[in-house]
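Open the structure in your viewer and keep the selection panel at hand. The stops below go from one interface to the next.

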Amino acid sequence: MLQKSSLTLSDGTKLDDLIIRESNEVSLRVMSDKELYDIEMERVFAKTWLLLAHDTEIPNSGDFVVRDMAEDNVIIARDREGNVNVSLNVCPHRGMRVCTAEAGNKPIHQCIYHGWAFKPDGDFIGAPVEREKMHGNDVDKKTLGLKKARVHVYGGLIFATWNIDGPSFDEFLGDSKYYFDQLFCRTDSGLELLGPPQRFIVPCNWKIPGEQSASDGFHTLTLHRSLMEGGIMGGTAESIYDQAPGMYGVDISCPQGHSLRCLEAAQTFKMFSDISFEGKSVEERLNMLPPPGITPELIPQLFKNLSADQVEQLATIPPQVGGIFPNILVLFIFAPRMDGGSSGALALHTYVPRGPDKVEFVNFIFAEKDVPEQVKRDMLQNSVQASGTSGTIEQDDADVWPQIMRNSRGAASKTMTLKYKALHGHERPEGWKGDGLLYPGFTKDDTQWNWWLAYHKLMSEA
Amino acid sequence: MTWKTQSTASLDSTNILRGLTSLKRVPLGSPVYNAILETLFNEAAALDERRFDDWTAMLATDLIYTAPIRLTRTGPTRDRDVMRSMFHFDDDYNSILMRIGRLHKSAWAEDPPSRCRRFITNVRVAECGTEGEYEVVSYLFLERSRGDNPENERMSAERRDVWREVNGSFKLATREIIVDQSVLGMANFAVFL
């Protein structure tokens, strides 16, 4: 029996009427509803872990970047001890943004309005004209720091949450950690962000890219058919639906709503289609075709940082695309280059809500830190040409999402439902080593449905 | 102890470079200036009218075509805001051909096509060190109308080009598009700038 949600909107509509668990449908209305959006700010974005930045952006003491935790602007800064701090960029005096830059280095953040000053860890230093006690008579300075978020650095990725006593980051990742470790925690020096992220606004509700990030594999065949027409993925324009390149693999997921699509290279890309791993050892396979972003020199490090089972998966059926609930897309893909240069594109996106009808697309582009400069250069180019602003894959996504939102407002159309009825059900493939919810075969709706269940759960918890 | 580590993703590996670098100006109204201005107008028309083959014919095969991101900064580094470590476009001749090939097939972001007007102004020209090559700086204002949306998407940028004279016409050898927004108001760059 499904536990009923107590959330009811002001017009009497219940969350259970919008996320219809009995029939695996979601009301289109959720893709623009303002009241839901306000509740999401409290129950989703103030409660869960959010990706903000990468360790390599702020290598030195005093380095900072400014990002958004949904509509809360925060400073991510490294202090003298090397710790990463995330503090609300709101002066406790009169509410001004304390830091007006997007990135830089400052040992002290002084508000430009009345001059209250703060350390990189958010602690209050003082207000100007100390003798006049402009911070207040008999007010303890310890109470005047910037509001601090709880921080966790995972594989160099800086996450934060306002949920100070909530689930740990490991509890948040759950069984999917085994798979994400294969992407973020596999080398000695880890990943490096190649530059400040691309940022742009897409006029749509954050949940439209959000639910797609939960491993919507199926849309690739139609929306991204130019990948097949261009001869990058297997098949030709005529055989797209017969061959269905990139559709068959193992989708992994978990009740927390995260997911990844694990795909064999040969099943996905034309230029790898004649590679046969039969009878080859894990090490031989890795050398024949390193996973996206890994160079042959880094292969020994995989064995050092991961378990033998994890390395075997990377060598055979590596995770390539997926998402971390609620608003992160993971894109660690093979990206064959015509000039024979380094293959692979590594990118993460966050879809940051900017009101019920706008989302900021933040595109973080990576390479492994210990690869040669030319490899970084090639991989940057691969990612920029495939993803984000001008990416030939994601241009098309950004054109679809606003149209879905517009369709969610009409008196007739808002009662339409999104269908998640193509379900495979959890099934453990023979010999599969990792845990979690597993969906082998053709990519179905299971992972996206799990995303909605995770959303329903958080929205039901006051 | 003050924490310090090495990172090649340092913000200040970028430089301030804007506008022209050569001091050998080609004056307004001179034959070369006029020919280049006409070329820029012809290029804008080819792109606005989606005559991509005509545009391709204006490109040098060693083309470098980039659009670095902009960052909001304060203090001593406030003008160091063109980040040449990350790009909205990071292309060469072959990848531009790939993009054009895609536009002829299933590129839903431009099918239906946007209706674009590229306004090119503030053109400054100077001679490069190489014979027959010219630095050309122009301002671009793009109005882009999509579907039935009555509100145009728009963007402004500085373009730092190198045009090369080949058999009496000019070929685009380098273009750097310096956009003005740190957060783009346009949902994609499915159009050329």
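A salt bridge here is a side-chain nitrogen of Lys or Arg within 4 Å of a carboxyl oxygen of Asp or Glu. This is a predicted model, in which local features need pLDDT of at least 70 and side-chain atom pairs count only at pLDDT 80 or more, while totals for chains, interfaces and linings use all residues. Residues are numbered from 1 along each chain as its sequence is written, chains are lettered from A and ligands numbered from 1 in the order in which they are written, and side-chain values use heavy atoms, with hydrogens and water left out.

**Stop 1: the two domains of chain A**

Select residues 50-162 of chain A as domain 1 and 173-460 as domain 2; these bounds come from an automatic or database domain assignment. Taken over C-alpha atoms, the centres of the two domains are 33 Å apart. Where they are in contact (heavy atoms within 4.5 Å), domain 1 of chain A contributes 16 residues and domain 2 of chain A contributes 25.

Together the two domains of chain A bury about 1500 Å², with 68% of it on carbon and sulfur atoms. Buried area is the accessible area (1.4 Å probe) that two parts lose on being put together, summed over both. Now pick Leu51(A), Thr56(A) and Tyr154(A): they supply 35% of the area that domain 1 of chain A buries against domain 2 of chain A, more than any other three residues.

**Stop 2: charges between the domains**

How many salt bridges does the rule find across the interface of domain 1 of chain A and domain 2 of chain A? There are 2. Show the side chains of Asp68(A) and Arg199(A), which meet in a salt bridge at 3.9 Å, N to O.

**Stop 3: chain A against chain B**

Display both chains. The contact takes 51 residues from chain A and 45 residues from chain B. Between them the chains bury about 4100 Å², 50% of it on carbon and sulfur atoms.

Across this interface of chain B and chain A the rule finds 4 salt bridges. Select Arg406(A) and Asp148(B), whose side chains form a salt bridge at 2.8 Å, N to O. Then colour β2 (59-70), β3 (82-92) and α3 (93-103) of chain B: each supplies at least two residues of the side of chain B that touches chain A. Helices (H or I, at least four residues) and strands (E, at least two) are DSSP runs, numbered from the N terminus. β3(B) gives the most to that side of chain B, with 9 residues.
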